[in-house]
Amino acid sequence: MTAIGQNERIRALALLRTMLRIRRFEEVAEIAQRAGEIPGTLHLSIGQEAVAAGVCSALERTDLITSTHRGHGHSIAKGASLVAMMAELFGRASGTCKGKGGSMHIADFSVGMLGANGVVGGGLGIAVGAAQGLRVRGSNAITACFFGDGAVNRGPFLESLNWAATFRLPVLFVCEDNGFAAFTETARVTAGAGPAARAEALDIQNVVVDGNDVIAVADAASAMVERLRRKAGPAFIHAQTYRLRGHTIADQGAYRDAETHSRQELRDPILLMRQRLTDWNLSEDMQKLQLQVEDDISAALAGARAAVFPAPESALAEVQDIGAPA
Ligand SMILES: Cc1ncc(C[n+]2csc(CCOP(=O)(O)OP(=O)(O)O)c2C)c(N)n1
């Protein structure tokens, strides 16, 4: 058994709590989708929770984030309401986007969550623009930009990194590398030494981190955020993780190597954190935490089921103005 200080204990439990909230939210959402309660598919981040939890633990509420099509974890870690998020998945009027966005378009500006995004690499330009806005307003806040390994092969990646580096904008780029872009192993379609090398080529401070070790991610993010607050220019984290589920919930992941998959199952970030906290003699605290999370998720599910659908006449309100239907 290893002794740890009170601060370390509180921090570790908070990180585990965030990961559990993400995991249980997604497990329950998947069941609801399969039962026909949620329209549309879901991109689950099961196995990748440590990246969202670790990075967002280093942020303030006033900081901003942009996300991806796999964005539940980022939203939860940034502090979005589970009740409003679940209602959004259920298409209800009390959802984060009044039920009009769904899983791939969750946004909650009240906690600085600028939006999930169905366009691969779409969040990069938004993050850089948001950081430029923060600069213009003289704010000390920063923007964290989550994107997948697939996005590093898209044009907006270079454009966004270049702009942020040139103008020394407060952007924390976070490449959440789960090894796959949909059904393709990213390494097979990616030239060069990897995402961090691309950041390095633009003189952006960068680090490669074990994305399944939540404390390692949190430490790396804290160090980078500290630099960003000092206005030392953008920073880049390459977090190496693994998607334990399919690309969407309809995907069985048959293209993956079975041996690698089994090995990765043993590196589940929640499993690793539980082992660590058991070693720190925190089993009882973990049990309490698990029960609290179950209560929170049950309340979110009950809230979504009980909520009303948006009125049909509100369908075109507060969405992009594309003119009146013919
Ligand atoms: C511009 C664009 N091209 C292609 C797609 C189709 N698509 C959806 S998700 C995805 C894979 C993205 O991989 P990655 O960025 O690594 O994120 P991950 O799904 O692994 O989280 C693709 C190609 C898209 N949504 N947008």
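This is a predicted model: local features need pLDDT of at least 70, side-chain atom pairs count only at pLDDT 80 or more; totals for chains, interfaces and linings use all residues.
Residues are numbered from 1 along each chain as its sequence is written, and side-chain values use heavy atoms, with hydrogens and water left out.

**Ligand contacts**

- The side chain of H69 places an N or O atom 2.8 Å from an oxygen atom of the ligand; a polar contact is a pair of N or O atoms within 3.5 Å.
- N178 has a polar side-chain atom 2.8 Å from a ligand oxygen atom.
- For F180, a polar backbone atom is 2.8 Å from an oxygen atom of the ligand.

**Helix 1 with helix 10**

- Helix 1 (residues 6-34) packs against helix 10 (residues 269-279) at about 150 degrees, with the axes 10 Å apart.
- Helix 1 is therefore roughly antiparallel to helix 10 (angles over 145 degrees, on a scale from 0 to 180 degrees between N-to-C directions, count as such).
- Their crossing is left-handed (the near helix is turned anticlockwise from the far one by less than a right angle; clockwise is right-handed).
- The contact (heavy atoms within 4.5 Å) involves A12, L13, L15, L16, M19, L20 and R23 of helix 1, and P269, I270, M273, R274 and L277 of helix 10.
- By class, this contact has 10 nonpolar, no polar and 2 charged residues (Ala, Val, Leu, Ile, Met, Phe, Trp, Tyr, Cys and Pro count as nonpolar, Asp, Glu, Lys and Arg as charged, and the others, Gly among them, as polar).

**Helix 1 with helix 4**

- The axes of helix 1 and helix 4 (residues 82-89) come within 12 Å and cross at roughly 25 degrees.
- These two helices are therefore roughly parallel (angles under 35 degrees), and helix 1 passes helix 4 in a right-handed crossing.
- R21, F25, V28 and A29 of helix 1 meet L82, M85, M86 and L89 of helix 4, a contact with 7 nonpolar, no polar and 1 charged residues.

**Helix 5 with helix 6**

- Helix 5 (residues 122-136) and helix 6 (residues 155-166) pack at an angle of about 15 degrees, with axes 9 Å apart, so helix 5 is roughly parallel to helix 6.
- Helix 5 passes helix 6 in a left-handed crossing.
- L124, G125, V128 and Q132 of helix 5 contact P156, F157, S160, W163 and A164 of helix 6, giving 6 nonpolar, 3 polar and no charged residues.

Methods
Helices (H or I, at least four residues) and strands (E, at least two) are DSSP runs, numbered from the N terminus. Angles under 35 degrees count as roughly parallel, over 145 as roughly antiparallel, 65 to 115 as roughly perpendicular and the rest as oblique. A polar contact is a pair of N or O atoms within 3.5 Å; within protein, one must be able to donate a hydrogen and the other to accept it, and residues adjacent in sequence count only if both atoms are side-chain atoms.
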